[in-house]
Every structure is written in C-alpha cells, then in structure tokens.
Amino acid sequence: RVAKYRKPAADPFSESRASCPHAQSGLLDWHTGATWGGSVPAALTAVTLPSNSKVLVSSCSFDPRGYLSITVPAGSQLIFADAPIFLRVKDLIVRGDLILGSATCPLNSPITISFVA
C-alpha cells in the first residue's frame with residue numbers, strides 16, 4: 001500500500017528560516033584555512049575549535065577518514081548546516097555548544113555522527 005501526501009503550499013518554517021543557527025552572520029567555515037589560522041584540520045588528528053568562535057559545518061567540511069577528537073571549548077559553537085553531513089570521530093568533547101537546527105528551524109537533511117574506536 002502506498003500513501004501519497006501533497007506537499008504543503010508553503011513551508012511552515014519559511015518565515016523563520018532566516019533566523020536559523022546556520023544562517024546567522026559571522027560564522028567561520030570549517031573548511032576554510034583562515035578559521036584555523038592557516039590550514040584546515042587534517043584527518044585522524046585531535047581538533048579544538050578556536051576560542052569564542054562559531055564554526056559552521058557543511059557537507060564538504062569533514063574528511064571522511066574522521067578525527068581522533070573534536071573539542072568545542074566553552075564559549076564556542078559547532079553549528080551544523082542543513083545539508084547531508086557524516087562525521088567520524090573517536091571523541092566529541094562539548095564544553096560549549098553543539099547546534100543542529102533549533103525549535104523554529106529543524107534540519108531537513110540527514111546528520112550522522114559515528115563514534116569509532
């Protein structure tokens with residue numbers, strides 16, 4: 001049996017999409033060397049976000065081989081874009097904020113965080 005649903009005429013969240021965490025101004029891109037003071041973090045390394053920063057993760061940000069650890073220090077934010085994202089990591093240490101959408105801006109894309117040994 002197949003159920004068919006019609007798409008709503010308007011996106012119920014369209015008015016609030018501009019206030020999505022991943023759409024705010026001043027975000028630093030994970031995949032930009034300037035965010036890290038020179039070069040993007042290499043795979044299989046321990047990564048710490050810069051102090052008091054808001055770092056945006058998009059579908060092309062993470063190396064598919066993964067990381068030993070990612071640390072989000074107090075005062076910093078790791079913000080996920082509304083895009084398919086796959087992260088492999090041994091340890092994810094969050095002392096600041098890990099943000100995946102919000103109550104008024106749910107993400108529509110799949111986000112997978114795989115913890116590996």
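**Sheets, aromatic rings and cores in a predicted model**

Visitor: What pLDDT is required before side-chain atom pairs count?

Guide: Residues are numbered from 1 along each chain as its sequence is written, and side-chain values rest on heavy atoms, with hydrogens and water left out. This is a predicted model: totals for chains, interfaces and linings use all residues, local features need pLDDT of at least 70, and side-chain atom pairs count only at pLDDT 80 or more.

Visitor: How many strands does the secondary structure of the chain comprise?

Guide: Along the sequence, the pattern reads β-β-β-β-β-β-β-β. The chain has zero helices. Its count of strands is eight.

Visitor: By how many degrees are neighbouring strands of the open sheet turned against each other on average?

Guide: The open sheet has four strands in the order β2-β4-β6-β8, paired in parallel. Its edge strands, each pairing on one side only, are β2 (46-48) and β8 (111-115).

Visitor: Which residue in β5 is the bridge partner of Val-57?

Guide: Strand β3 (residues 54-57) runs parallel to strand β1 (residues 28-29), to which two bridges join it; here Leu-28 stands opposite Val-55. Strand β3 also pairs in the parallel sense with strand β5 (residues 77-80), over four bridges. In β5, the partner of Val-57 is Phe-80.

Visitor: What is the angle between the planes of Trp-30 and Trp-36?

Guide: Rings of Phe, Tyr and Trp (its six-membered ring) pair if their centres lie within 6.5 Å; planes under 30 degrees apart are stacked, those over 60 edge-to-face and the rest tilted. The structure holds five such pairs. Trp-30 and Trp-36 form an edge-to-face pair with a centre-to-centre distance of 5.0 Å and an angle between the planes of 75 degrees.

Visitor: Are Trp-30 and Trp-36 buried or exposed?

Guide: Buried means under 20% relative accessible area, exposed over 50%, and partly exposed in between (1.4 Å probe, protein chains only). Trp-30 has 0% relative accessibility, and Trp-36 has 18%. Trp-30 and Trp-36 therefore count as buried.

Visitor: Why is the pair of Phe-62 and Phe-80 classed as it is?

Guide: Phe-62 lies in the loop between β3 and β4 and Phe-80 in strand β5, so the pair ties together parts that are 18 residues apart in sequence. Phe-62 is buried at 9% relative accessibility, and Phe-80 is buried at 1%. Because the ring centres are 6.3 Å apart and the planes stand at 55 degrees, the pair is tilted.

Visitor: How many residues are in the second, separate core?

Guide: A nonpolar core is a set of buried Ala, Val, Leu, Ile, Met, Phe, Trp, Tyr and Cys residues joined through side-chain atoms within 4.5 Å. The largest one has 15 residues, and Leu-78 is one of those with the most contacts inside it; β3, β4, β5 and β6 each supply at least two of its residues. The second core, which includes Leu-27, Ile-79, Ala-81 and Ile-99, has a residue count of five.

Visitor: What distance separates the C-alpha atoms of Val-89 and Ser-114?

Guide: Val-89 belongs to strand β6 and is buried, with a relative accessible area of 0%. Beyond neighbours within four places in sequence, Val-89 is in contact (heavy atoms within 4.5 Å) with residues including Tyr-67, Ile-70, Ile-113 and Ser-114. Val-89 and Ser-114 are 25 residues apart along the chain, and their C-alpha atoms are separated by 6.3 Å.

Visitor: What percentage of the 117 residues of the chain counts as buried?

Guide: One example is Ser-53, in the loop between β2 and β3, which is buried at 5% relative accessibility. Not counting residues up to four places away in sequence, Ser-53 touches Leu-28, Gly-75, Ser-76 and Gln-77. Of the 117 residues of the chain, the buried share is 37%.

Note on methods
Pairing = 2+ DSSP bridges.
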